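Here is a structure to work through by question and answer. Each answer ends on the item asked for.

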Amino acid sequence: MRCAIVHPTGLLGKELREALAGRPELTAVEVRLLSDDPEEIGALTEAAGEPALVQAWDAEALDGVDVAFFCGAAAATRRLLADRPAGVTAIVLSLDAAAEDGVPVVAGVNTAAAERGAVVLSPHPAVILLAHVLWPLRAVG
């Protein structure tokens, strides 16, 4: 799998990089770190336990990428999503993203709603908690 992390140096990007590194079954063949923020571009950080440099964003940077994680604010993410290649699955982790930004998906609840090439939203953590509490009660009505 080839993945990209967009806006990777913030707290959310750092947590994502650490989580991916801790899940060997999700180990990516290649992790690209991208940003359109001049302060982030050129930053030295790490990905998959290796030193990595944040590269400047352009749509071609996602060529060959299977999944792109967007860790920046929703406004910045919306601009970049418009340029992504059609086959790239986008996972938006922005806490300020809205339902119209993509399909909200909660693992174990509506995972089937995630399709290859779609824009998928990770809902706010409170929503995820509520979904896991309420989903088993759906049969009760």
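Q: How many salt bridges does the count come to?
A: The model is predicted, and side-chain atom pairs count only at pLDDT 80 or more. A pair qualifies when a side-chain nitrogen of Lys or Arg is within 4 Å of a carboxyl oxygen of Asp or Glu. By this rule the count is five.

Q: How many residues apart in sequence are the parts tied together by Glu30 and Arg2?
A: The side chains of Glu30 and Arg2 meet in a salt bridge, 3.4 Å from N to O. Glu30 lies in strand E2 and Arg2 in strand E1, so the pair ties together parts of the chain whose separation in sequence is 28 residues.

Q: Are Glu30 and Arg2 buried, partly exposed or exposed?
A: Buried needs a relative accessible area under 20%, and exposed needs one over 50%. Glu30 has 28%. Arg2 has 38%. Glu30 is therefore partly exposed, and Arg2 is also partly exposed.

Q: Which elements hold Asp101 and Arg78, the partners of a salt bridge?
A: The closest N and O atoms of Asp101 and Arg78 are 2.7 Å apart. The pair links distant parts of the chain, 23 residues apart. Asp101 is in the loop between E7 and strand E8 (103-104), and Arg78 is in helix H2.

Q: Which backbone oxygen does the side chain of Arg32 reach?
A: Arg32 is placed in strand E2. Leaving out residues up to four places away in sequence, Arg32 touches Arg2, Cys3, Ala4, Ile5, Ala61, Leu62, Asp63 and Val65. At 2.6 Å, its side chain reaches the backbone oxygen of Ala61.

Q: How far apart in space are Arg32 and Ala52, C-alpha to C-alpha?
A: Arg32 belongs to strand E2. In sequence, 20 residues separate Arg32 and Ala52. In space, C-alpha to C-alpha, the separation is 8.3 Å.

Q: What is the nearest side chain of opposite charge to Glu40, and how far away is it?
A: Glu40 sits in the loop between strand E2 (30-35) and strand E3 (44-47). Glu40 is buried yet has no salt bridge. The nearest side chain of opposite charge is Arg17, at 7.6 Å.

Q: Which side chain makes a polar contact with the side chain of Glu40?
A: Beyond four places in sequence, Glu40 is in contact with His7, Pro8, Thr9, Gly10, Ser35 and Val54. A polar contact requires N or O atoms within 3.5 Å. At 2.5 Å, the side chain in question is that of Thr9.

Q: Why do the buried residues of H2 line one face of the helix, and what is their arc?
A: In helix H2 (residues 74-81), the buried residues are Ala74, Ala76, Thr77, Leu80 and Leu81. They line one face because, seen down the axis of H2, they fall within an arc of 155°.

Q: Which strands do the buried residues of H2 pack against?
A: The buried set in H2 includes Leu80 and Leu81. These buried residues pack against E1 (2-6), E6 (67-70), E7 (89-92) and E9 (119-121).

Q: What arc do the buried residues of H1 cover?
A: Gly13, Leu16, Arg17 and Leu20 are the buried residues of helix H1 (residues 11-21). They are on the same side of H1, because around the axis they cover an arc of only 100°.

Note on methods. Residues are numbered from 1 along each chain as its sequence is written. This is a predicted model: local features need pLDDT of at least 70, side-chain atom pairs count only at pLDDT 80 or more; totals for chains, interfaces and linings use all residues. Side-chain values use heavy atoms; hydrogens and water are left out. Helices (H or I, at least four residues) and strands (E, at least two) are DSSP runs, numbered from the N terminus. Buried means under 20% relative accessible area, exposed over 50%, partly exposed in between (1.4 Å probe, protein chains only). Lys and Arg count as positive and Asp and Glu as negative; His and the chain ends are not counted. A polar contact is a pair of N or O atoms within 3.5 Å; within protein, one must be able to donate a hydrogen and the other to accept it, and residues adjacent in sequence count only if both atoms are side-chain atoms. Contact means heavy atoms within 4.5 Å. The arc is that of the directions from the helix axis to the C-beta atoms.
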